[in-house]
Amino acid sequence: MTVPAPSRCRFRWALIAACLLALISPTAARAHQASDGYVSLVATNQELTARVDLAVRDLDAVFGLDDNVDGSVTWGELTAHQAEIAQYVRTNVTVKVNDRLIDLTPLELLVDEHGDASFAVWRFKQPLTEKVRTMEIRYRCVFEVDALHRAFLKLEGEGEVRTGMLSPSEDSCRASFGAGAPRPHGLHTFIREGIWHIWTGYDHVLFLLALLLPAVVARVEGEWRAVNRLRPALWSVLKTVTAFTAAHSLTLSLAALGWVRMSPRIVEPVIAASVVLAAINNLRPFFLEKGWMVAFVFGLIHGFGFAGALQEMDLAGGSLAWPLLGFNLGVECGQAVIVLAFVPCAFLLRRSRFYQIGALRFGSIGITLVATRWLALRLLGG
Amino acid sequence: MILPSFNTRLAFRAWPLLLLVLSASAAAAPRVPQRPDEVLAKLPSSVGVRPWTEGRAATLLEDPRAAAAAARVWIEQGRAELDPRDLGRAQAVLGRWWNLASPPAEIRLLRASIRQSLHDFSGALADLDAVTGEEPGNAQAWLTKSTLHTLRGEWPAAREAALRLAPLTGRLTSAAAAAAVASVNGQLEEARELLQAAMRDDRGASADSIRLWSLTLLGEMAERLGRDSEAERWFRSALSMRHRDAYLLGAYGDFLLSAGRASDVVSLLRDETRADGLLLRLALAETIIDPRSAELARHRELLQERFASARARGDRIHQREESRFHLHALRQPVEALRFAQENWNAQKEPADVKILLEAGMAAGHSSTVNQVRQWLRDSGLQDVRVERMLSSFAAMK
């Protein structure tokens, strides 16, 4: 058998094929000597000490350190490029303390190991004239040669430590230090989380709605009658909402501060039970005007539920006061929106069959069914 | 300028791992080396493009063709070395086009490839769909698409892509692509025969890389059929091509491990500590030989550091390896099962099936075992080792 003569066409296929294969990436994991950098800034009363660790391999990619082209970089080769690398670090790492730019002129070049790789280490020192309130860093090293480079960051001041990670798309970071330091970013985040939590935590919303549904009606001779005036309706809403708010704020704070603890195995089913009770009360009333007391008692339990959500957000390292305040504010805002949307509609519709039969009766039946299912699932650990 | 605060989700999620990474950095004591000839870093033997040091950065940043060519070199090198830095370099070269909604097809194809390697499978598929829509004659795009769908267990789409590839490329390439799908989708025997015939008729006409890929596939197929001596022959002839390929080393390493030939694994992978997929296999072999050796302790620690660093970065590309590590090196089946299940959500190759089953059995989790059984029925995947494990589990019950 003869081997067919390679035609031009065949040659072209071979070329294409060679390229083709290179691009089917193996799914086996990549080496995890991924390109990491480490930056630490430590502020004391007197001075700022900084340290930047960059992998020798990364610096080689930027500067070409292997002067004798023997496939390895030596300490001698690294020091030969010391000046240009120092300039590079100075340009690509900018640090501000209390919004003032700090001059980072490298003091000394050292070597250290992370994992099994060698890193060039720069140390810096600058006197500080005042206590650190904020630190800000912008870091652009190595990104131009390696888009997957990440810098792990440690900022320390006033005995507090913050960590973070910088990437090409998020190359700067700001942190505040010291007790009572305003943390506007943090506060926003927690307010948003609080609002979000109440809006997406349907059990809290349904509990509130079940309690508010009868606010625009009164129990007369065994049935619900629409109230005539707005004032008693508003009064009833105000009592209920205030009681619920006071109670859950109390337990949220106690639990978040770690003073009182309650297992979610108890809290979650009781929250579901509270919804069932509140809804059944609208069908077969048993606590009537005492709605605000029910709101208070079960509000205590709902507060533990909020605390659980707050704890899931992981507050390691920071002071608790701001997150707690922000989260609680968020919960109240979210709740206020629901109340403000519900009350005017309910008051306008209170005489209609839609409200009295549809919303009050069937709505409560619906809430009862949903909440009973939650109760069962939570008791059975589903 | 709005700066992200520390309260970003990223910082929260990564918190415990960052601590771990940073404690490693805090414990270290920097030093001044005593001798100028002390070696700090061995550079990878293969040479990539070094646009920045060669003063070619400006051209690359303007010209998409030049950038694509440079990125391709990095990606090829990444395949040989399994070094994540190569991917980062490739992405950096594409920097100007990387974030565009629809970059030129040539660039987009490379972006798909990088995204696939970072386990952003849906991003990669979106790019590939765009490229094949624009250039239906783009063989590369169909091939990558076929492998990507296979990896995700999407057989009809994988087969369709392999079919579209066939008229666009040479016989061995199209046979290998078709066999890659069919062999894990109910036609293992036929796939093996098809590829074997194409290989026989090829007689060195195809590029080395395609021949090497085909030989590796043949080795894996023979292994799943339980023909160990045949598998050994295929793997050996692939290795004898002296064309460095980390995937081949991993596949052969797994074959040796399954065959209980731990000391052969150690001699194969002794110096492969750079790629953690390979370091993992080395450590697993060392665990079998001597669970108390100092070498193993060092490798185990290295792996743990790298997994931690990957998690701190938010990477999700290591679950398969982490699962194997937890199961076989640390003997923590419950942890292993968690990783295996997370991994299963992302990819569904034979190796993923195997680790899911192993972890499920070790953790005594019969619903996972049933899940694997169901998968074998639905996909038509044949693998004697998996089948043997399943029947031993049934016997145990």
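Which residues does Leu303(B) touch, not counting residues up to four places away in sequence? Let's hold that thought for a moment, everyone. Before we go in, please keep in mind that this is a predicted model.

Okay, Leu303(B). You'll find this leucine in helix H17 of chain B, which covers residues 294-313. Leaving out those sequence neighbours, the residues touched by Leu303(B) are Asp276(B), Leu279(B), Leu280(B), Ala283(B) and Phe325(B). Is Leu303(B) buried or exposed? Its relative accessibility is 0%, so Leu303(B) counts as buried.

Arg324(B) is part of helix H18, residues 319-329. Buried or exposed, this one? With a relative accessibility of 13%, Arg324(B) counts as buried, because the cut-off for buried is under 20%. What does its side chain pair with? The side chain of Arg324(B) makes a polar contact with the side chain of Asp254(B), at 2.8 Å. If we set aside neighbours within four places in sequence, Arg324(B) is in contact with Asp254(B), Leu257(B), Leu280(B), Arg281(B), Leu284(B), Ala329(B) and Ile355(B).

Let's hop over to chain A. This chain has eleven helices and 13 strands. Out of its 382 residues, 53% count as buried. And if you take the contacts in chain A with a separation of 6 or more, 70% of them come from residues 24 or more positions apart.

One helix pair to finish with. Two packed helices are described by the angle between their axes and the distance between the axes. Our pair in chain A is H6, residues 202-212, and H8, residues 264-283; they pack at about 25 degrees, with axes 8 Å apart. That angle makes H6(A) roughly parallel to H8(A), since angles under 35 degrees count that way. The crossing of H6(A) and H8(A) is left-handed.

So which residues meet there? On the H6(A) side we have Asp203(A), His204(A), Leu206(A), Phe207(A), Ala210(A) and Leu211(A). Facing them from H8(A) are Glu268(A), Ile271(A), Ser274(A), Val275(A), Ala278(A), Ala279(A) and Asn282(A). By class, this contact has eight nonpolar, three polar and two charged residues.

Thanks, everyone, and over to you for questions!

Technical notes
Residues numbered from 1 in each chain as written. Chains lettered and ligands numbered in written order. Predicted model: local features only at pLDDT ≥ 70, side-chain atom pairs only at ≥ 80, totals over all residues. Heavy atoms only, no water. Axes fitted to C-alpha atoms, helices over the stretch in contact; angles between N-to-C directions. Helix = DSSP H or I, 4+ residues; strand = E, 2+ residues; numbered from the N terminus. Parallel < 35°, antiparallel > 145°, perpendicular 65-115°, else oblique. Left-handed = near helix turned anticlockwise from the far one by under 90°. Contact = heavy atoms within 4.5 Å. Nonpolar A, V, L, I, M, F, W, Y, C, P; charged D, E, K, R; others polar. Buried < 20%, exposed > 50% of the residue type's maximum accessible area, 1.4 Å probe, protein only. Polar contact = N/O pair within 3.5 Å; in protein donor to acceptor, adjacent residues only side chain to side chain.
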